[in-house]
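I am opening my notebook to look up a few things in one structure, entry by entry. I will write down what I asked and what I found.

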Amino acid sequence: MKTLKALQVLAKIGKIISKIVFICSIVGFCLCVLGIVSLAAGGTMLKIGGVTVRGLIENNAGIPLPELYASMIVGVFICAAEAVLSKFAGIYFKNELEAGTPFTFEGAKELMRLGILAVAIPLGTAIVCSIIIAVMNVFFPGVDKISVNGFSSVGIGIMMIVMSLVCRHGTELNSSGAQGGNAES
């Protein structure tokens, strides 16, 4: 029973972290959209002591305006993808905590779905962002410096898929053990 308690504690932590990531992703999404709107309006919406934020970024950071737009557009897509993924993770952890164990058929199915999404969503987002950057680079050379390579969780997704199979097998063993049958499959 110590192991089950540890799993439940980890599920509670996972639920909290999922909620934090979801909130941060929504905030990041909104800030990226606000940045795009602000730059489109001339970048004069945000002034600090008579100096616009656009001027500060362009002059001091040396980032050209097209690269700022591209970075924020990529940020919008990455934040949206992360919000969706963290929401599904939060749902999984919530349902696992309600069930009291990860060894349920529904939980294994949900973990499988989460694993598939953890592979598909970041890869799809990276592809879409790469296309956006490539198109923008045609009109604004130099935009292709933006990287979306770090936004992939293929390994984590595959691990979740494998763990879903382990949880499903554990559920099958519990079901056959409760019925008094042999657990060989």
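Does I16 count as buried or exposed? I noted before anything else that the model is a predicted one, and then I looked up the accessibility of this residue. I16 counts as exposed, because its relative accessibility is 51% and the cut-off for exposed is over 50%. I placed I16 in helix α1, and I found that I16 and F93 lie 77 residues apart in sequence, while their C-alpha atoms are 9.1 Å apart in space. I then looked at L4, which lies in helix α1 too. With a relative accessibility of 27%, L4 counts as partly exposed. From L4 to T101 I counted 97 residues in sequence, but from C-alpha to C-alpha the two are 7.0 Å apart in space.

I asked which residues come closest to the centre of the largest pocket. The volume of this pocket is about 420 Å³, and of the 20 residues that line it, L7, Y92, F93, L111 and M163 are the closest to its centre. The elements that give two or more residues to the lining are α1 (2-40), α3 (65-99), α4 (105-139) and α5 (154-178). When I sorted the lining residues by kind, I wrote down 18 nonpolar, one polar and one charged.

How many aromatic pairs does the count come to? The count comes to one aromatic pair. Y92 and F93 have ring centres 5.4 Å apart and ring planes at 65 degrees, so I recorded the pair as edge-to-face, since planes over 60 degrees apart count that way. Both residues, Y92 and F93, are buried. I also looked for a charge over a ring, and I found the charged end of K87 over the ring of F22, at 5.1 Å from the ring centre.

Technical notes. Residues numbered from 1 in each chain as written. Predicted model: local features only at pLDDT ≥ 70, side-chain atom pairs only at ≥ 80, totals over all residues. Heavy atoms only, no water. 1 Å grid on protein atoms, 1.4 Å probe; cavity = no way out; pocket = protein on both sides within 12 Å on 5 of 7 lines; lining within 4 Å. Points joined across faces, edges and corners; volume = space filled by probe spheres on them. Helix = DSSP H or I, 4+ residues; strand = E, 2+ residues; numbered from the N terminus. Nonpolar A, V, L, I, M, F, W, Y, C, P; charged D, E, K, R; others polar. Phe/Tyr/Trp six-rings, centres within 6.5 Å; stacked < 30°, edge-to-face > 60°. Buried < 20%, exposed > 50% of the residue type's maximum accessible area, 1.4 Å probe, protein only. Lys NZ or Arg CZ within 6 Å of the ring centre and 35° of its normal.
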